[in-house]
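Here is a short briefing on one chain. It covers confidence, ring contacts and charged pairs.

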Amino acid sequence: MLAGAVACGGSDTAPNGMTANDILAMCHNASASINTSQLYTTKTFNNPNFSTTINSFTSKDRFNHTSFHSENTSMTSKWWDNLSMTLNSETYKFREEIYIFNNSLYVYKSAEEINISKWIRTESTVDLWWDEEDINSLYQECVNQSADADYMGNEIVREIDCYKIGFTHDLSAIADILRYFNFNTSGIDSGLDNGNISNLECTIYVDRNTYYPIKVSLISNLMIDNFIANMSDVKTLSSINQPVSIVLPEAAINATFISYSDYVSGNWSIFK
């Protein structure tokens, strides 16, 4: 769900006379009615020495309090071999699946190159509803940290006619947004702390008919160790309020149980 007020400002208006803030307010209200959905996310981080691509899919059913999230990560490191005078690289691939059924959470993680995988299960008396991979989370962070919002025209996204809204941010807000959607990649925080951010583009695409948020994109460049790093996070929402089926795999039934505190603190590993 969206929370909080929308950004101030918004100069240009849509052909129907609505400002960016008018559209965002309608989007805020429409998002409250999303009960089932499917979300596709692509995150990238690239510099000359290291690159990461994360492709994920999230299916949610708020009526039945269930969700499924899958994530495939590919990490490539590059280095120059002075002896052979060649550029070498090494790639590692990881997969994660998360299932939530009421207050039970099942997690599967695997490392492809070393053929290791593990299921774990945990339970909690607190609400485990998982909103980390949520188009509204990215959108709301842009709204909360923005100094201005502007109508930028219309654009077709997945054959849907959408309003395109862009956000303007202060430099300090850019650092907060990038930390909110960090890749846990070594060196990013140092780049943010040193104020080496060259730009941030945060854009939301809102369905002109339903006012649902259909797509949100976050693109930024920052300087890390004298190299330019490119970061992006693009989320696309589909199958809004359509029936979804989330089924727990049989392999998860015998998952290793750990306490919720151990899960939250990261005190577990697929290598144990």
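A residue counts as buried when its relative accessible area is under 20%. Phe 45 has a relative accessible area of 2%, so Phe 45 is buried. The model is predicted. The chain has an average pLDDT of 79. A score of at least 70 is reached by 74% of the residues.

**Confidence**

- Strand E2 (residues 50–61) has the highest mean pLDDT among the elements of the chain, at 91.
- Helix H4 (residues 188–193) has the lowest, at 51.
- Residues 1–11 have pLDDT below 50, and this stretch makes 43 contacts in the model beyond near neighbours in sequence.
- Residues 183–188 stay under 50 as well. The model gives them 15 contacts beyond four places in sequence.
- Where pLDDT is low, predicted coordinates should not be read in detail.

**Aromatic pairs**

- There are 9 aromatic pairs in the structure.
- Phe 45 and Phe 50 make a tilted pair. Their centres are 6.4 Å apart, with 55 degrees between the planes.
- Tyr 151 and Tyr 163 pair edge-to-face, at 6.3 Å centre to centre and 70 degrees between the planes.
- That pair links distant parts of the chain. Tyr 151 is in strand E7 (residues 146–157), and Tyr 163 is in strand E8 (residues 160–169), 12 residues apart.
- Tyr 151 and Tyr 163 are both buried.
- Ring pairs also join Tyr 40, Phe 57, Phe 68, Tyr 99, Tyr 108 and Trp 119 into a cluster.

**Charge over a ring**

- Lys 215 sits over the face of Tyr 205. The distance from the ring centre is 5.1 Å.

**Salt bridges**

- The structure has 6 salt bridges.
- Arg 95 and Glu 97 form one through their side chains, at 2.9 Å from N to O.
- Arg 95 is partly exposed, at 27% relative accessible area. Glu 97 is buried, at 12%.
- Lys 109 bridges to Glu 96, with the closest N and O atoms 3.4 Å apart.
- Lys 109 is in strand E5 (residues 104–111) and Glu 96 in strand E4 (residues 86–101), so this pair ties together parts 13 residues apart in sequence.
- Lys 109 is partly exposed, at 31% relative accessibility. Glu 96 is buried, with a relative accessible area of 15%.
- Glu 123 and Arg 121 form a salt bridge at 2.9 Å, N to O.
- Glu 123 is partly exposed, with a relative accessible area of 40%.

Technical notes
Residues numbered from 1 in each chain as written. Predicted model: local features only at pLDDT ≥ 70, side-chain atom pairs only at ≥ 80, totals over all residues. Heavy atoms only, no water. Phe/Tyr/Trp six-rings, centres within 6.5 Å; stacked < 30°, edge-to-face > 60°. Buried < 20%, exposed > 50% of the residue type's maximum accessible area, 1.4 Å probe, protein only. Helix = DSSP H or I, 4+ residues; strand = E, 2+ residues; numbered from the N terminus. Lys NZ or Arg CZ within 6 Å of the ring centre and 35° of its normal. pLDDT = per-residue confidence, 0-100. Contact = heavy atoms within 4.5 Å. Salt bridge = Lys/Arg side-chain N within 4 Å of Asp/Glu carboxyl O.
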